[in-house]
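Please open the model in your viewer and keep the sequence panel beside it. The stops below say what to select next and what is found there.

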Amino acid sequence: MLMPKIFSFLAQCRSLSSTTAGITKTHRSVYARTYPTIVVLPDGSSFSIRYTEPREIIKLPLDLNTLSEEEKKVRLDKRKPKKKIRVYEEVDDSFSSQKYLKMLKKK
């Protein structure tokens, strides 16, 4: 009667150490405590809250419907990828090897 309990206890034990915790994060769906977090509003103001997940900053998105047409256009243009400017230089190559043949001396 005592033996099956011991075997079931040994089967349930895992060897957890500091090295296993350092390799990956702990996967939890519910965190036991709350963490200090900064919330940044779209207008730039911020305040501190206690959040259930360990986050440092939470930035709330900007509502584009509240902006004027000019501001909306500027914001949407900033989101688009920037075009790379390629500069092609033409090199004037007027080198002639015939000029330097006379400088070569055959031994």
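Across the whole structure, a search finds two salt bridges, a salt bridge being a side-chain nitrogen of Lys or Arg within 4 Å of a carboxyl oxygen of Asp or Glu. This is a predicted model, in which local features need pLDDT of at least 70 and side-chain atom pairs count only at pLDDT 80 or more, while totals for chains, interfaces and linings use all residues. Residues are numbered from 1 along each chain as its sequence is written, and side-chain values use heavy atoms, with hydrogens and water left out.

**The salt bridges**

Select E53 and R55, whose side chains meet in a salt bridge with an N to O distance of 2.9 Å. E53 is partly exposed at a relative accessible area of 26%, and R55 is also partly exposed, at 46%; here buried means under 20% relative accessible area, exposed means over 50%, and partly exposed lies in between (1.4 Å probe, protein chains only).

Next select D77 and K80, where the side chains meet in a salt bridge at 3.9 Å, N to O. D77 has a relative accessible area of 39% and is partly exposed, whereas K80, at 54%, counts as exposed.

**The whole chain**

Now colour the model by secondary structure: the protein chain has three helices and three strands, and from the N terminus on its elements run α-α-β-β-β-α. Helices (H or I, at least four residues) and strands (E, at least two) are DSSP runs, numbered from the N terminus.

Of the 107 residues of the protein chain, 7% count as buried. Among contacts between residues at least 6 apart in sequence, 0% join residues at least 24 apart, a contact meaning heavy atoms within 4.5 Å.

**Two loops**

Select G44, which is found in the loop between β1 (35-40) and β2 (46-51) and is exposed, with a relative accessible area of 54%. A distance drawn from the C-alpha atom of G44 to that of L60, 16 residues apart along the chain, comes to 9.7 Å.

Move on to L62, in the loop between β3 (57-59) and α3, which counts as partly exposed at 28% relative accessibility. Leaving aside residues up to four places away in sequence, L62 touches P42, L67 and R75. The C-alpha atoms of L62 and L41, 21 residues apart along the chain, are separated by 8.2 Å.

**Two surface patches**

Which residues form the positive surface patch? Select K59, R75, K78 and R79, which form it together. Patches are made of residues with over 30% relative accessible area and no salt bridge, like charges being joined within 9 Å and nonpolar side chains (Val, Leu, Ile, Met, Phe, Trp, Tyr) within 5 Å. Helix α3 (residues 69-79) gives the most to the positive patch, with three residues. R79 has its place in helix α3 and is exposed, with a relative accessible area of 60%.

Finally, select F95, Y100 and M103, which make a nonpolar surface patch of about 380 Å². F95 lies in the segment after α3 and, at 58% relative accessibility, counts as exposed.

Key
Areas by Shrake-Rupley, 256 points an atom, 1.4 Å probe, with all protein chains shown as cover. Lys, Arg positive; Asp, Glu negative; His and termini not counted. Charge placed at Lys NZ, Arg CZ, Asp CG, Glu CD.
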